[in-house]
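Thanks for coming. Please have the sequence and the structure open.

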Amino acid sequence: MNPEQTIHASHDTRLAMVRAVAQELVSEGWAEIRAQACPEYRDPQPIVVPKLNELLQPDVCASHPARPAPLLACVGVADDLHEAAVGRRWRALAAWAADRQAMFAIFVQPDDYPRACAFAARWRIDAEHLRALTPTH
C-alpha cells in the first residue's frame, strides 16, 4: 500500500491548496513552514508510521514558537474525498501526531467541509482535525 501514489487530484489544485494552508499558518504565527511541492518552501520531512513501518509525508508541517510539538497538515482535495488511500493516510498521520503530542489538521475548501466530515467519520478521524480554509478575496 502506497497512499501517496493513489492521490488523483490535479497538481495545480493540490499546489494551490498547499500554498493556501502554508499562508494561513504563517498568518496564525506558525514558523518554519514546510510545504510539499512548493518551490518557496522546503518539503516536509517524511515520518515513519510505526504500526505500518512506512514513510508518509504530510502536505505541510510547521512549528510554533509557543508550542513544543509541530503541526502536521494534509489538504483534502474534493476529488480525493472518496479514496481509501486518503483515509488511511489521514488516519496514520493523525495517530503519529497523537502519539507525539503534535497537532494534526486536515484543510479543505469551505464547500467540501460537510463531505470531508462524513469521509473523516468513516475513517474514525475526529472532526476536530478538519478545518475549512479561509476564503481569499
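**The middle of the sheet**

Let's start with strand 6, which is mostly covered: 5 of its 6 residues are buried. Buried means under 20% relative accessible area, exposed means over 50%, and partly exposed is in between, with a 1.4 Å probe and protein chains only. Strands here are DSSP runs of E with at least two residues, helices are runs of H or I with at least four, and both are numbered from the N terminus.

A word on the source. This is a predicted model, where local features need pLDDT of at least 70, side-chain atom pairs count only at pLDDT 80 or more, and totals for chains, interfaces and linings use all residues. Residues are numbered from 1 along each chain as its sequence is written, and side-chain values use heavy atoms, with hydrogens and water left out.

Now strand 5. How many of its residues are buried? The count is 6 of 6. Both faces are covered. L71, A73 and V75 are buried on one side, and L72, C74 and G76 on the other. As background, side chains in a regular strand alternate between the two faces of the sheet.

Strand 5 covers residues 71-76, strand 6 covers residues 103-108, and the two run parallel, joined by 6 bridges. Two strands pair if DSSP finds at least two bridges between them. Walk along this pair. L71 has M103 as its bridge partner. V75 stands opposite F107. G76 is partnered by V108.

Strand 4 comes next. Strand 4 pairs with strand 5 in the antiparallel sense, over 3 bridges. There, C61 stands opposite L72.

**The whole sheet and its helices**

Zoom out. The sheet is open, with 5 strands in the order 1-4-5-6-7 and mixed pairing. Which strands stand at the edges? Strand 1 (31-35) and strand 7 (130-132) do. Each has a single partner strand, so one side of each is left without a neighbour in the sheet. Neighbouring strands are turned by 25° against each other on average, direction ignored. For angles, axes are lines fitted to C-alpha atoms, for helices over the stretch in contact, and values run from 0 to 180 degrees between N-to-C directions.

Helix 1, residues 11-27, packs on this sheet. Helix 1 touches strands 1, 4, 5, 6 and 7, and its direction makes about 145° with that of strand 5. Contact means heavy atoms within 4.5 Å. Helix 3, residues 113-122, also packs on the sheet, touching strand 6 and strand 7. The direction of helix 3 makes about 170° with that of strand 7.

**Two cores**

What sits in the largest nonpolar core? It has 25 residues, and those with the most contacts inside it are L72, W90, L93, F104 and I106. A nonpolar core is a set of buried Ala, Val, Leu, Ile, Met, Phe, Trp, Tyr and Cys residues joined through side-chain atoms within 4.5 Å. Strand 2 (47-49), strand 5, helix 2 (84-99), strand 6 and helix 3 each supply at least two residues. Helix 2 gives the most, with 7.

Look at L72. Leaving aside neighbours within four places in sequence, its contacts include I47, P58, V60, L93, W96 and F104.

There is a second, separate core of 19 residues. Among its members are C38, L71, A73 and F107.

**Overall numbers**

The protein has 3 helices and 7 strands. From the N terminus, they run α-β-β-β-β-β-α-β-α-β. The radius of gyration is 14 Å, close to the 14 Å of the globule rule for 137 residues, so the protein is as compact as a globular protein of that length. That radius is over C-alpha atoms, and the rule is 2.2 Å times the number of residues to the power 0.38.

Buried residues make up 47% of the 137. Of the contacts between residues at least 6 apart in sequence, 63% join residues at least 24 apart.

E32 is not a glycine, yet has a positive phi of about 45°. E32 is in strand 1, and counts as exposed at 62% relative accessibility.

A37 is not a glycine either, and has a positive phi of about 65°. A37 lies in the loop between strand 1 and strand 2. At 41% relative accessibility, A37 counts as partly exposed.
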